[in-house]
Amino acid sequence: MEKFTSVVAVFGVVVVLLLQCAAAQTVHVVGDSIGWRVPTGGASAYETWAASKQFVVGDILLFNFATNEHDVLQVPKESYDSCSSSNPIGDTITTGPVNITLSTAGTHYYICTIGRHCQSGQKLAVTVSGSPSAVPPTTSTPPATPTPSTTPSPTSGTPADCAPTPASSPTSSPPMGPTTPETMPPPDSSSSSSVFASLFISLLSIAMVFLF
């Protein structure tokens, strides 16, 4: 009975770890079914793909290509626009497929340096946010407290004293337009099954130790 309880506890830990891993990172297969190659639709093919995804720090880009047919190089925006490899960020990756972890927020640029592949549209720009729920906060201005009017004294002796004091207009800021939060597309459902399989096998071996 004690062994059974231990096995149940271990499998509970396995489930929790798998859920945490799934929440922590998403593996995005670049281009989905297109893969990493010269797209028939030009650069717009990867632009459309990237626009449909939400990238956060910790996510992984999976560049699926055949070794020696294509490569991957991260470059600054200027080199991305001109399809130049003269200012690389890191080394050119020539062995595919390859996983690249998005470790920092900001816009990341990648190109293929073989032939005129980049000029033909084989380049990718992704914008990475610091967290999945990074939504700009709504700024509101509290209404100003109106100044109460002064009631004239009925016993004042001069006409000037009898004139009521006009109330001050409430001071308020001009109306602000509504802050529309950025609509985030649902996270990509594609994930690396090998990551979860290796975790599952490792933790299953721990369970076997408890059993035997």
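Student: Which residues does leucine 61 touch, not counting residues up to four places away in sequence?
Tutor: Leucine 61 touches His28, Val30, Trp49, Phe55, Val98, Asn99, Ile100, Leu102, Tyr110, Leu124 and Val126. Contact here means heavy atoms within 4.5 Å. Please note that this is a predicted model, in which local features need pLDDT of at least 70 and side-chain atom pairs count only at pLDDT 80 or more, while totals for chains, interfaces and linings use all residues. Residues are numbered from 1 along each chain as its sequence is written, and side-chain values use heavy atoms, with hydrogens and water left out.

Student: Which residues of the largest nonpolar core touch the most other members?
Tutor: They are Trp36, Leu61, Phe63, Tyr110, Leu124 and Val126, in a core of 18 residues. A nonpolar core is a set of buried Ala, Val, Leu, Ile, Met, Phe, Trp, Tyr and Cys residues joined through side-chain atoms within 4.5 Å. Buried means under 20% relative accessible area and exposed over 50%, with partly exposed in between (1.4 Å probe, protein chains only).

Student: Let us turn to helix 2. Which of its residues are buried?
Tutor: Tyr46, Trp49 and Ala50 are the buried residues of helix 2. Seen down the helix axis, they fall within an arc of 95°, so they line one face of the helix. The arc is that of the directions from the helix axis to the C-beta atoms. Thr48 and Ala51, on the other side of helix 2, are exposed.

Student: What do those buried residues of helix 2 pack against?
Tutor: They pack against strand 1 (27-29), strand 2 (55-56), strand 3 and strand 8.

Student: New topic: how many disulfides are there in the whole structure?
Tutor: A search finds 1, and this disulfide joins cysteine 83 to cysteine 118, with an S to S distance of 2.1 Å. A disulfide is a pair of cysteine sulfur atoms within 2.5 Å. Cysteine 83 lies in the loop between helix 3 (77-82) and strand 5 (89-93), and cysteine 118 in the loop between strand 7 (106-111) and strand 8, so the pair ties together parts that are 35 residues apart in sequence.

Student: Are cysteine 83 and cysteine 118 buried or exposed?
Tutor: Both cysteine 83 and cysteine 118 are buried. Cysteine 112 is in no disulfide, and the nearest cysteine sulfur, that of cysteine 118, is 8.0 Å away. At 2% relative accessibility, cysteine 112 also counts as buried.

Student: And the strands: how many bridges join strand 4 to strand 7?
Tutor: Strand 4 (residues 72-75) and strand 7 run antiparallel and are joined by 3 bridges. Valine 75 has tyrosine 109 as its bridge partner in strand 7. Two strands pair if DSSP finds at least two bridges between them.

Student: In what sense do strand 7 and strand 8 pair?
Tutor: They pair in the antiparallel sense, over 6 bridges. Histidine 108 stands opposite valine 126 in strand 8.

Student: Finally, how many helices and strands does the protein chain have?
Tutor: The protein chain has 5 helices and 8 strands. Of its 212 residues, 27% count as buried.

Key. Helices (H or I, at least four residues) and strands (E, at least two) are DSSP runs, numbered from the N terminus.
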